[in-house]
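Subject: Structure for you to look at

Hello,

Here is the structure I said I would pass on. Please open it beside this message and follow along.

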Amino acid sequence: MTDTHALAGVPMQWVGPLRISGNVATTETHVPLATYESPLWPSVGRGAKVSRLAEKGIVATLVDERMTRSVLVEATDAQTALTAARTIEARKGELQEVVRTCSRFAELIEIRHEINANLLFIRFEFRTGDASGHNMATLASDVLLKHLLQTVPGISYASISGNYCTDKKATAINGILGRGKNVVTELLVPRDVVHDVLHTTAAKIVELNIRKNMLGTLLAGGIRSANAHFANMLLGFYLATGQDAANIVEGSQGVVMAEDRDGDLYFACTLPNLIVGTVGNGKGLAFVETNLTRLGCRADRAPGENARRLAVLAAATVLCGELSLLAAQTNPGELMRAHVQLERDNKTVEVGV
């Protein structure tokens, strides 16, 4: 008989600690990563070591947060769609009140639209407290859509989701407007740490970032993205903390910035689409509760603050892994030697997922 409730045994380890400061959290903490790619643990661990050797650690700045859902309505013609869009935007206050009737935590903060022929795509943007907000945004949008169809002339139902959100797809609009938490992480690595721990130079990392992350991604046709492997760290972090892992699709969009500052290395990662939450679906498993508690993300705080903490910890983890990989790739053969050695030697893991 098939056990429909069995858990997948993805190996998990805690790495670090990493040092973080900024406008959300100032702390040192280990972070959990659930992955089959065992070299990821020591790689992120090396980046975490670098963070502890920098004066401010990783400075994580939460720039923005919003969860989105786009609905699609059909108008009789383009002019009617335009009139409807202007009517909807003018009634923002009224629509915010409608949202308050269906959720304690959802808050409508922005309405955007696009018209294609006689179709009107309406993108609602919400604050969602400590939840990642997928279901909360969809519920609120469903209520809003019903209200609009009853009160705005000339439009009819097409879909509760018009793919202008955009959910679990790499798109320009998410990179531009953001979906989830928008976090910038920065690290200033002293020259001697670059040499002794990363075994490279600031100049080499800067050059590789330009040639690989920026030019290589441009030639490949990447969408608002210039990074080496954000997705690796995000997937490990998401699985370990009960997130919807498919959100790494848009989450892995982001840009790496590197500067040589007289031998010191300025290294920054911008992640505009971190979709994480500390409550909601996926959080009922015992190992998830344990991990979130250990991360300090189940504390008694104002709504939204635990999720913000989790977001900056995820972003800092991404920076650690990104920095370590780029440093390795400045040296011929280092990456493959590390993979072969670590994948053969690694035997100690916690099965957490």
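This is a predicted model: local features need pLDDT of at least 70, side-chain atom pairs count only at pLDDT 80 or more; totals for chains, interfaces and linings use all residues.

Surface

A nonpolar patch on the surface is formed by Ile 210, Met 214, Val 255 and Met 257. Together these residues have about 310 Å² of accessible area. To find the patch, look for helix H7, which covers 202-220, and strand E8, which covers 255-261; each supplies at least two residues of it.

Take Val 255 as an example, which lies in strand E8. Is Val 255 buried, partly exposed or exposed? The relative accessible area of Val 255 is 36%. Buried means under 20% and exposed means over 50%, so Val 255 counts as partly exposed. Residues of a patch need over 30% relative accessible area, and Val 255, at 36%, therefore passes that cut-off.

Inside

How many cavities of 30 Å³ or more does the structure hold? There is 1. The volume of the largest cavity is about 80 Å³.

Its lining is made up of 14 residues. Those that lie nearest the centre of the cavity are Glu 65, Arg 66, Met 67, Thr 128 and Lys 181. By type, the lining divides into 6 nonpolar, 4 polar and 4 charged residues.

Strands E3 (58-75), E5 (119-127) and E7 (180-189) each supply at least two residues of this lining. Strand E3 gives the most, with 3 residues.

Regards

Conventions: Residues are numbered from 1 along each chain as its sequence is written. Side-chain values use heavy atoms; hydrogens and water are left out. Patches are made of residues with over 30% relative accessible area and no salt bridge: like charges are joined within 9 Å, nonpolar side chains (Val, Leu, Ile, Met, Phe, Trp, Tyr) within 5 Å. Accessible areas come from the Shrake-Rupley method with a 1.4 Å probe; for residues, only the protein chains shown count as cover. A salt bridge is a side-chain nitrogen of Lys or Arg within 4 Å of a carboxyl oxygen of Asp or Glu. Helices (H or I, at least four residues) and strands (E, at least two) are DSSP runs, numbered from the N terminus. Buried means under 20% relative accessible area, exposed over 50%, partly exposed in between (1.4 Å probe, protein chains only). On a 1 Å grid over the protein atoms alone, a cavity is a set of points where a 1.4 Å probe fits but cannot get out, and a pocket is an open set with protein on both sides within 12 Å along at least five of seven lines; lining residues have an atom within 4 Å of a point. Grid points are joined across faces, edges and corners, and a volume is the space filled by probe spheres set on the points. Ala, Val, Leu, Ile, Met, Phe, Trp, Tyr, Cys and Pro count as nonpolar, Asp, Glu, Lys and Arg as charged, and the others, Gly among them, as polar.
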